[in-house]
Amino acid sequence: MLVRTGLVFIAVATLPASGQAVGQEANDAPKGRIVENSSGVRDFDPPTETGRSTTQRVLSDLHPDGRLWYQHVQTLANPWFEGRQPGTRGDDLALNYIQWHMDQIGLEPAFASDNPEVNPWRQPFEFNHGRQRVVHDQRLEFDRHTFEPGVDFNTLANSGSASVEAPLSFAGYAIEEGPDGYSSFGERDTLEGRIAVMLRYEPLDDRGRSKWAQDGVGFSSNAGIRSKM
């Protein structure tokens, strides 16, 4: 697996040389070339209710670097790159594309090596591709009542499979330390050996808005489910 760059590069369409993927060159193969397309982001001019559109004018007035940025984003977002999911063919194509353009503008690779088989643009690391968690079955029963998935409850992405029997403990908003000394727990409270039942988000006012959100909009960092768990 290969390290990804945090930079986003925009693109004009490129053609590989002799059927090769962009950025993968044989010793005697040409370096490749940039092919100007007959249309691009500057041609995007959707109709509006008033019959006037500023999209085309805004894109045309951009600095050339800005238009190039938009073109790269448009290219990398193309279905041909298959969403660029790590470990897929589309991801490799995106890597080749970015590497080729980095080389064209004169950047130097960061991982130089004397080994000719090592790509100096990329840093190998182990990647557990294909071990994603998938929920195949959701069931919740309590006191002979069966709850319906997606209606009565939802399974969180970080859940695991288990069969558990234990006493329930209500933990309120499950916030250990909030503003103004707020806490859902007493000094001697413990959840050991028990199933914790918690509320989502954080304390609300009489209008149903967060008491801790900045300017009364959204929620504060205390509402996150990850920190609660």
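Visitor: Does R207 count as buried or exposed?
Guide: In this predicted model, local features need pLDDT of at least 70 and side-chain atom pairs 80 or more, while totals for chains, interfaces and linings use all residues. Residues are numbered from 1 along each chain as its sequence is written, and side-chain values use heavy atoms, without hydrogens or water. Buried means under 20% relative accessible area, exposed over 50%, and partly exposed in between (1.4 Å probe, protein chains only). Because its relative accessibility is 60%, R207 counts as exposed.

Visitor: Which residue meets R207 in a salt bridge?
Guide: A salt bridge places a side-chain nitrogen of Lys or Arg within 4 Å of a carboxyl oxygen of Asp or Glu. For R207 the N to O distance is 3.8 Å.

Visitor: What is the N to O distance in the salt bridge between R89 and E82?
Guide: A search of the whole structure finds two salt bridges, and R89 and E82 form one of them through their side chains. R89 is partly exposed because its relative accessibility is 46%. E82 is likewise partly exposed, at 43%. The N to O distance between R89 and E82 is 2.8 Å.

Visitor: How many helices and strands does the chain have?
Guide: Helices (H or I, at least four residues) and strands (E, at least two) are DSSP runs, numbered from the N terminus. Along the sequence the pattern reads β-β-α-α-α-β-β-β-β-α. The secondary structure therefore comes, by these runs, to four helices and six strands.

Visitor: Is N222 buried or exposed?
Guide: N222 lies in the loop between β6 (195–197) and α4 (225–228). With contact meaning heavy atoms within 4.5 Å, and not counting residues up to four places away in sequence, N222 touches I175, E177, G178, P179, Y201, E202, W212 and K228. Its relative accessibility is 17%, so N222 counts as buried.

Visitor: What percentage of the residues of the chain count as buried?
Guide: N222 belongs to the buried group. The chain has 229 residues, and the share that counts as buried is 21%.
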